[in-house]
Amino acid sequence: MTWLLDGNNILGVATSSPRSEGDREKLLHRLLRLRLPRPCTVVFDGPPPRPTVAAEFQMGAARVVYSGARTADDLILARVRPGDTV
């Protein structure tokens, strides 16, 4: 059972001001402090923020994925399996 989280949807609820480039990283650190269920994947829309950031990597208890040309919703739908939580 994997938890799949749409990072952009969470950001939309968590921040009322326009998003800055560092908001995704701040969100990841906040989520990690919450003791995420394992395994957990956080998916963000679009490419990584910098060329030095991989499109998929592990950060603490979370696997972080950038959807690239696809939407985060499409990527989550492609990965979800019976028993997963979205």
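Is Tyr 66 buried or exposed? I looked it up and found Tyr 66 buried, at 8% relative accessibility (buried is under 20% relative accessible area, exposed over 50%, partly exposed in between, with a 1.4 Å probe and protein chains only).

**Entry: ground rules.** I am working with a predicted model, where local features need pLDDT of at least 70, side-chain atom pairs count only at pLDDT 80 or more, and totals for chains, interfaces and linings use all residues. I count residues from 1 along each chain as its sequence is written, and side-chain values use heavy atoms, leaving out hydrogens and water.

**Entry: the rings.** I searched the whole structure and got one aromatic pair (rings of Phe, Tyr and Trp, the last by its six-membered ring, with centres within 6.5 Å). Phe 44 and Tyr 66 have ring centres 5.6 Å apart and planes at 25°, so I call them stacked (under 30 degrees; over 60 is edge-to-face, the rest tilted). Phe 44 sits in strand β2 and Tyr 66 in strand β4, 22 residues apart (strands are DSSP runs of E, at least two residues; helices are H or I, at least four; both are numbered from the N terminus). Phe 44 is buried too, with a relative accessible area of 0%.

**Entry: the sheet.** I traced an open sheet of four strands in the order β1-β2-β4-β3, with mixed pairing (strands pair if DSSP finds at least two bridges between them). The edge strands are β1 and β3. β3 and β4 run antiparallel to each other, paired over four bridges. I also noted that Gln 58 has Arg 63 in β4 as its bridge partner.
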